[in-house]
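Let's take a walk through this model together, one piece at a time.

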Amino acid sequence: MGSHRNALVAAVRQELAEARGSARALLAAAESARGEAQNRRRLVRDAYATCLSQLTAARESAREDVQRRYRSEATRLAGHLRGLATSSATGAAGAPWRLWAPSEPDPGSRPGLLRIGAITFEDTAALPGLIPLLDAVHLHVSGTSPQVDDLITGVLLRALGSTRAGDVHLTVYDPRNLGGTLAPFASLNPTFVGPGGLGSLLDDLAEHICRVNESLGGQHPSLADLAAARPGPRPEPWRLVVLLADRATSVEMTAAQRAQLDRIVRTGVACGVHLVVRGLPLEDDPTVERIVVRDQVATCASLGSLEIRLDPPPPPERIVAFCRATAERMRAGRDPARLADLEPDKYWGESALHGLVAPIGDSTDGTLVDVPLGDDPPHALIGGPSGSGKTNLIYTLLGSLATRYGPEELALYLLDFKEGVSFARYVPGPRDPSWLPQVRLAGINVNGDREFGLALLRHLGEELRTRAQAAKRHDAGKLSELRTEDPDGHWPRIVAVIDEFQVLLAGRDAVAEEAVGLLEDLARRGRSQGIHLVLASQDVAGIQALWGRPGLIAQFTLRIALPKARRILADDNLAAAVIPRFHAVINTESGMSGANRIVRLPDAGDRTLWRALQRRLWRDRPPGCAEPRLFDGDAVPRLPSALRPSGRVPSATEPVGSSPGAVLGERIDVAAQPARLRLGRMPGRNLAVLGTRTDEACDVLAAAALSLAAQGPAHFSVLCLDPAAGLAAARLYAELPSADWYDVGDARFDLAPRDVPHYVIGFALDAAGDPALRKLLAEGPEQRIHVLGWWRTVSRLRDDLGGAGTRLDAIGAWVALDVQGADLAPLYPQPGGPAWYPRTRRALFFDRSVHRTPEVIIPYEVNSDHT
Ligand SMILES: Nc1ncnc2c1ncn2[C@@H]1O[C@H](COP(=O)(O)OP(=O)(O)OP(=O)(O)O)[C@@H](O)[C@H]1O
């Protein structure tokens, strides 16, 4: 029993031990699993923490990046906006009050925006707060007063100050203060409408809108388009109507008035009528801009939720001063058009096929006044006393023509007989290389050189002949037909302007006679060949002289008379006597009364403005457009280097032309050619330079000798018998390739012939007193020995040739300096000698074998020490 119990106990013990053992094993396994789980949890927690911190860092950097990009984008956009805003509200439309001044709008530009304050957006610099008005919207302003009235005051001043005087007409309806709210504008004389006047004001405005609409005739979408399309002042001023309504206005407004107001809102802007309203509701319309003011801040419909911090109102004294000055200018009349107002929309866009048309100013109603040149009228006569503005008028006409017609269409020849350089601006100068591309020739300081006027007329005469021949070939009657028949030809219209033309015609000499003949021919036939003359004069007697030639004056059907001009218009036409300063009468019917147009002339004198325009035209010149020829009567031409011996000395074996030409000076002609004396192997082929002006005599001899030396092998004997000519003679001797030198001690004239031409260059030959000289002069040329000598007087030359009564046949050519015409009689085929009044740096050249009448030349400067 006992053992059974024991065995039972042992078995239980055994089982218990086993159970304990497996429980322990289970516990150990559970504990290890727990340790492992704890480990894993720690790892996950660590990884999570790492992830979290990485995410935070990434989010932080992304946020910073976004912020940085946002800030730079916002700054860039704000800069952009500021630029746009600044260009949309320039000058008086946008300047801060302390810098404010009225500003003139650019011609043809449309009104911009007006500044009322500033927009501060985040931390970018403030942007100007701008609103539209003229040609854009009506304004409806509501909110706290007096800020609303201050805002309206500022807007009005900006609108008035950024338009031309007279372009905005102001109407004020202010029943409560009887106009006092806008009192500083009083001197502009706005239309003040009192209490009870609203109905008739609205009726007037509606009627005005109807009238403008009718006058537009449906051709233009709006008055704004019409104004922008035309240069010059607006056809109709803007009507700016300020309605400062009080409570009674709204209450008392009738249904008809309400309807009228609504109509004005809908149709006003297109017709230049703008309402600026406070205290009265306006119906919704795309042309109504609503501004709500709260203290110093405004919001307006076009800017959404952006707030504008309002500018303070403009100081009243500034408004008063501006309005006074503007009223003063309006009393003086509209400003005349400026030179820039005459410019076309597009340079060189016009064809001269049927003629030239160019505005030269405006009339008092602001319309531009044209000057036509073509088949009718073909030529113009301009007159006015000194200082009346002829030069200015010519500048204006040329500027207006030159911007419309390119060099293919127009060629200009300009000559000014006044003392002065008025046409110098059109040719290259030391400070400005540009020239007006249409100018072919300009003459300045030509008052002493009527011959140059003659040369110009001769040149135009040639052109006339060329055109007439071409027209004949193409069976064309006039320029337009020639151009159509010969589309590849270069046939621009030619306009020749001659200021103070009467100088050319003064005197009863050969120059005047030939000039009048040429003028008559050009005036008569130039019409059909596209050659147009514009003659200007201050001199009544000169113009009178033209009237003595009815055939000539009758062609000048276009007359332009400046104030106090006489004899330009018909005798019974007194318009020129009554027009004010800087005005002109344009008359295309030979000055008949009844055909006058009065024009106000712009000021065209500003050189800087002109230069800027000319440079633009010059840069656009077509390839191959040649520089104009400038004739400056005050300039002394230099002997061209091609006429001097240079480099290789011609050898004796080289052929010499049968009659080499000695160059004596520059001819007064359009091409500036050298005047040559042919020295052939014939009796009399010698030259006498006559007069006491040593420098010029030396220059003539030196130019002759050097140019001969440049042409081929030749030998020279340089004789200097007057120390005053010593330096010039020595320089010549040094430059000549083959020469002997003689002076007072050893001068000799018994020269043997050589195998090359031999030129005896004699300075002060009258001092020689050697009978051998007479023989040399008589017999030398046939042996190719020619004397080119300087005698100080004609009588001394005559003594050298045999005394009084001797024929001077040995002197076939002469150049006279300061010798009176009568003294030249012995050397001249016609009795009494040539008409010659000596003048500095001019010489009279006569070559018996080629000239019928002598020719004026300009002695070249050979060495430049004395200028
Ligand atoms: N339309 C104008 N507006 C403003 N100033 C002008 C106008 N026309 C001329 N003037 C000025 O008047 C002055 C005289 O003008 P201009 O030299 O053109 O006269 P002119 O008749 O050619 O005189 P003169 O024959 O004595 O040379 C100049 O100072 C010029 O600038």
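Start with two helices: α17 and α18 are roughly parallel to each other, a label for angles under 35 degrees, while over 145 is roughly antiparallel, 65 to 115 roughly perpendicular and the rest oblique. That's because the axes of α17 (residues 694–711) and α18 (residues 726–735) cross at roughly 5° and come within 10 Å. An axis here is a line fitted to C-alpha atoms, for helices over the stretch in contact, and angles run from 0 to 180 degrees between N-to-C directions. Helices (H or I, at least four residues) and strands (E, at least two) are DSSP runs, numbered from the N terminus.

Before going on, remember that this is a predicted model: local features need pLDDT of at least 70, side-chain atom pairs count only at pLDDT 80 or more, and totals for chains, interfaces and linings use all residues. Residues are numbered from 1 along each chain as its sequence is written.

Which residues in α17 and α18 meet? From α17 come Cys 698, Ala 702, Ala 705 and Leu 706, and they meet Ala 728, Leu 732 and Glu 735 in α18; contact means C-beta atoms, placed from the backbone, within 7 Å. The residues of this contact divide into six nonpolar, no polar and one charged. Here Ala, Val, Leu, Ile, Met, Phe, Trp, Tyr, Cys and Pro count as nonpolar, Asp, Glu, Lys and Arg as charged, and the others, Gly among them, as polar.

Now find the sheet. Ten strands form an open sheet with mixed pairing, in the order β23-β22-β31-β30-β29-β24-β28-β27-β25-β26; two strands pair if DSSP finds at least two bridges between them. At the edges sit β23 (674–678) and β26 (739–743), each pairing on one side only. From one strand to the next, the twist averages 25°. α17 packs on this sheet, touching strands including β22 (661–667) and β24 (687–690), and its direction makes about 130° with that of β22. Inside the sheet, β25 (residues 715–720) and β27 (residues 758–763) run parallel, joined by six bridges. One to look for: Phe 716 has Tyr 759 in β27 as its bridge partner.

Finally, look at a loop. Between β29 and β30 you'll find Arg 841, whose phi is near 55°, a positive value in a residue other than glycine. Is Arg 841 buried or exposed? Arg 841 counts as buried because it has 22 C-beta neighbours inside 10 Å; the cut-offs are 20 or more for buried, 12 or fewer for exposed, and partly exposed in between.

Methods: Two residues are in contact if their C-beta atoms, placed from the backbone, lie within 7 Å.
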